[in-house]
Amino acid sequence: MKPPFLPGWSLSLASGLAGLVLAFAVPAAPAAELELQGSRLVVSGMLDGTMIKEFTEQLGSGTVHTVVFEDSFGGTAEAAGAFADAIRASGVQTEVRGQCMAACAYAFLAGRTHRFGYGLQVNGILLPVAQRPTPAELAIRWRGDEAHKTLAEFTPTSASAKAMETSAASAAARDNWQPDHGVLFTASPTLFGRVYNTYYCDGTQGRDFSKCERLADADPFKLGVLTP
């Protein structure tokens with residue numbers, strides 16, 4: 001059955017147990033949109049850099065306490081870094097409602113606290129990775145200051161890298177930013193509370209995330225992806 005609260009995600013029941021079917025089709029994603037709702041700034045759409053100036057100004061006003069990412073399906077690595085820098089500098093909280101992928105997920109981690117929103121919707125964030133993390137890497141990857149360093153995997157940062165912009169090495173660095181390749185954390189509502197699951201997606205699954213590999217011992221709270 002497909003719940004009415006979030007088109008694209010589907011929730012199925014099998015043998016009396018709730019199972020999450022992570023298969024959804026994402027429509028052509030619009031550029032980022034901002035909506036101020038009291039002390040909450042809602043960000044939706046692609047983080048492509050078009051709203052960075054306005055976003056930074058909103059956070060600089062001091063009236064925003066929480067940035068809510070709602071159904072944001074990715075964006076560029078550069079925009080992800082800019083949104084994350086603004087969030088980190090302002091000290092606001094972050095929250096996800098619905099889907100938050102790649103660029104959105106990286107910016108989400110920059111919040112003073114970062115949580116899934118309440119409600120009946122299925123929440124999911126896909127954090128980009130350049131390669132499959134080992135259990136040891138997974139345990140520390142998104143904790144503390146280390147969370148701020150992972151973007152270096154996706155953008156050329158040295159002067160030599162910039163000088164070789166047309167080189168294969170530079171192209172490979174840009175190509176590492178793949179919206180469908182990463183670690184996917186989900187929370188689905190049940191009659192008894194939310195069920196949390198974690199998956200590794202190598203990108204070959206396209207938008208059918210039911211094909212991703214489920215990871216054991218990858219609680220998002222223990223890994224620092226979500227804060228209590």
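## Disulfides and a helix pair

The link of C201 and C212 is right-handed, with 115° about the S-S bond. C201 lies in strand β10 (residues 193-202) and C212 in the loop between β10 and β11 (213-214), so this pair ties together parts that are 11 residues apart in sequence; strands are DSSP runs of E with at least two residues and helices are runs of H or I with at least four, numbered from the N terminus. This is a predicted model, in which local features need pLDDT of at least 70 and side-chain atom pairs count only at pLDDT 80 or more, while totals for chains, interfaces and linings use all residues. Residues are numbered from 1 along each chain as its sequence is written, and side-chain values use heavy atoms, with hydrogens and water left out.

A search of the whole structure finds 2 disulfides, a disulfide being a pair of cysteine sulfur atoms within 2.5 Å.

| Pair | S to S distance | Angle about S-S bond |
|---|---|---|
| C100 and C104 | 2.0 Å | -110° (left-handed) |
| C201 and C212 | 2.2 Å | 115° (right-handed) |

C201 and C212 are buried, where buried means under 20% relative accessible area, exposed over 50% and partly exposed in between (1.4 Å probe, protein chains only). C100 is buried as well, with a relative accessible area of 0%, and C104 counts as buried at 0%.

Turning to the helices, I52, F55, T56 and L59 in α1 meet A79, A82, F83, A86, I87 and S90 in α2, contact meaning heavy atoms within 4.5 Å.
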